[in-house]
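Trainee: I would like to go through this model with you, one question at a time.
Mentor: Go ahead; here is the structure.

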Amino acid sequence: MRVTVIGGGYVGLVTGACFSHLGNEVLIVEKVPEKVEKLRRGESPIYEPGLDELLKEGIEGGSLRFTTDIEEGVNFSDVVFICVGTPSLPDGSADLSQVEEVARLTAKSMKSYKLLVEKSTVPVNTHQLVKKTVQRYLGRDIPFDVASNPEFLREGSAVYDFLNPDRIVVGVEGDKAREIMEELYRPLTERGFPLLVTDPATAELIKHASNSFLAMKISFINMVADLCERTGADIELVAEGMGYDKRIGRAFLNAGIGYGGSCFPKDVKAFIKIAEDVGLDFGLLREVEKINSERIGRFIEKVLNALWTLKDKKIAVWGLAFKPNTDDIREAPSLKLIPELLKKGARIRAYDPKAMENFSRVFLPGDDLMYVQDKYEAVKGAEALLILTEWEEFAKADMEKVRELMELPIVVDGRNVFKPNHMRALGFEYYSIGRS
Ligand SMILES: NC(=O)C1=CN([C@@H]2O[C@H](COP(=O)(O)OP(=O)(O)OC[C@H]3O[C@@H](n4cnc5c(N)ncnc54)[C@H](O)[C@@H]3O)[C@@H](O)[C@H]2O)C=CC1
Ligand SMILES: O=C(O)[C@H]1O[C@H](OP(=O)(O)OP(=O)(O)OC[C@H]2O[C@@H](n3ccc(=O)[nH]c3=O)[C@H](O)[C@@H]2O)[C@H](O)[C@@H](O)[C@@H]1O
């Protein structure tokens, strides 16, 4: 099948590359010309494991192309995926201007039937607004449908998640749209991955409810971690003990410095606003946000506890990305922690395997904040090491070497990468989350 993807970011690129891998002919429309030029050369503008290989396969096989021309994109196929951003507005609601723009430009460009599919995360009933917008700008009698097909991939494992989904959710209003979506996803449903067909509003709501629920799990376990610290219990074992209960599950019970990323913070905000707009107070989610925002202060307290003061202290930081295996720093806890540490006079040497370029665009390097190309370089002469992202390469680091390189063997681990007993045996003063 021919498929058009509008928006060449994390979701659009993965969606396009995976649909091409599954045997479709894909055209990705991206409005930033530099990104398109890069993509045409076979270079991905983002780091995502497995994506480079799929891009190469699609480009060389002729099944994956890129353009900045939305009119060309819209008329390339019958099915147009909207994969543009839906960031937060100041009041917490989702900014749908990029979605509106795509709906408007599709209406103006289309010459035959289109199925417009929302893959971007949008508030419930956005499909009504997309439909109304297309109708308004179309001005001609051309049939079209609007469907919702929310995306559940995680950054860092996006290609794997797309090709091995826990579920595919498709919200449609008619048989034609349903048949197109079923055909498109057949290679995955034939392999046993479940496809749930709903109405569009339900599909839209499933997405916000899922992300908010996962964020709630994280805030819950972070609160329990604080409780563990004050009572002498061990959060890792508490999570394990809870997780064996199939109704709870172990996933997303990793305590730490809070959730970040381009989705949970904005989607929880949007869900609170969606409820508010229909007269419901989703106080539970406001508490989820509050607990999450307090994680930064809690971590700083730990650092101060370990070091007393930070003025002129040489601090190594491992990890800047909001999670491992990505170069994405959107809403990363590091964005709040690093300025706090600098404000308190710390002199930082930071290292991240993939996110340093993005981070150093926000916080330019200087005397107090240096970026180094190696994790061991970061800890040379340091009076403390702070771990902000649980990259596997940190878990595998030679910690004896790290101890020898540091001036003081103090580690404050925001992601529970190491076992406390092991670290103490190695001679570290080791602080972590929820483990006294
Ligand atoms: N990043 C993630 O892991 C996931 C994101 N989502 C949702 O997917 C949507 C997109 O997210 P990301 O891919 O992370 O955003 P992104 O910001 O990485 O990518 C969006 C892209 O769309 C392009 N764009 C905007 N307007 C355009 C237009 N009119 N024509 C062509 N290109 C246009 C932008 O230049 C940008 O490259 C959001 O609604 C997000 O909530 C859903 C699941 C996972
Ligand atoms: O809508 C989206 O964009 C996506 O949002 C999340 O994916 P993502 O943000 O890429 O990454 P996660 O693995 O969910 O991690 C999000 C944040 O939660 C934190 N986290 C996660 C799990 C955990 O147990 N503890 C914890 O603190 C991570 O460190 C990270 O900062 C969801 O997991 C995806 O299903 C969804 O598609």
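Mentor: Of the 27 residues around ligand 1, Gly7, Gly9, Val11, Ser120 and Thr121 come nearest. The elements giving two or more residues to this shell are α1 (10-21) and α5 (97-109). Bear in mind that the model is predicted.

Trainee: How many residues of the shell around ligand 1 are nonpolar, polar and charged?

Mentor: The shell holds 27 residues. By class they divide into 11 nonpolar, 10 polar and 6 charged.

Trainee: Which helix gives the most to the shell around ligand 2?

Mentor: The shell around ligand 2 has 20 residues, and by class these are 10 nonpolar, 6 polar and 4 charged. At least three residues come from each of domain 1 (2-198) and domain 2 (208-289). The helix that gives the most, with 3 residues, is α10 (residues 200-231).

Trainee: Which residues come nearest to ligand 2, and which position does UniProt mark as "active site"?

Mentor: Glu155, Asn254, Tyr259, Gly261 and Cys263 come nearest to ligand 2. In UniProt, an unreviewed entry places the feature "active site" at Cys263.

Trainee: Is Cys263 buried or exposed?

Mentor: Cys263 sits in the loop between α11 (235-243) and α12 (264-277). The cut-off for a buried residue is 20 or more other C-beta atoms within 10 Å. Cys263 has 24 such atoms within 10 Å, so Cys263 is buried.

Trainee: Which residues is Cys263 in contact with, leaving aside neighbours within four places in sequence?

Mentor: Thr121 is among the residues that come nearest to ligand 1, and Cys263 is among those that come nearest to ligand 2. With sequence neighbours within four places left aside, the contacts of Cys263 are Thr121 and Asn211.

Trainee: Why do the buried residues of α2 line one face of the helix?

Mentor: In α2 (residues 33-40), the buried residues are Lys35, Val36 and Leu39. An α-helix has 3.6 residues a turn, so residues three or four places apart point the same way. Seen down the axis of α2, the buried residues line one face because they fall within an arc of 100°.

Trainee: Which residues are exposed on the other side of α2?

Mentor: The buried residues of α2 have a cover that includes β3 (64-67). On the other side, the exposed residues are Pro33 and Glu34.

Trainee: How far apart do the end C-alpha atoms of residues 316-420 lie?

Mentor: UniProt, in an unreviewed entry, lists these residues as "domain: UDP-glucose/GDP-mannose dehydrogenase C-terminal". The span is 33% helix and 18% strand, and the distance between its end C-alpha atoms is 19 Å.

How values were computed:
Residues are numbered from 1 along each chain as its sequence is written. Chains are lettered from A and ligands numbered from 1 in the order in which they are written. This is a predicted model: local features need pLDDT of at least 70, side-chain atom pairs count only at pLDDT 80 or more; totals for chains, interfaces and linings use all residues. A residue is near a molecule or strand if its C-beta atom, placed from the backbone, lies within 6 Å of it. Helices (H or I, at least four residues) and strands (E, at least two) are DSSP runs, numbered from the N terminus. Ala, Val, Leu, Ile, Met, Phe, Trp, Tyr, Cys and Pro count as nonpolar, Asp, Glu, Lys and Arg as charged, and the others, Gly among them, as polar. Domain bounds come from an automatic or database domain assignment. UniProt positions are given in the numbering used here, feature names are shortened, and annotations may be inferred rather than shown by experiment. A residue is buried if 20 or more other C-beta atoms lie within 10 Å of its own, exposed if 12 or fewer, and partly exposed in between; C-beta atoms are placed from the backbone. The arc is that of the directions from the helix axis to the C-beta atoms. Two residues are in contact if their C-beta atoms, placed from the backbone, lie within 7 Å.
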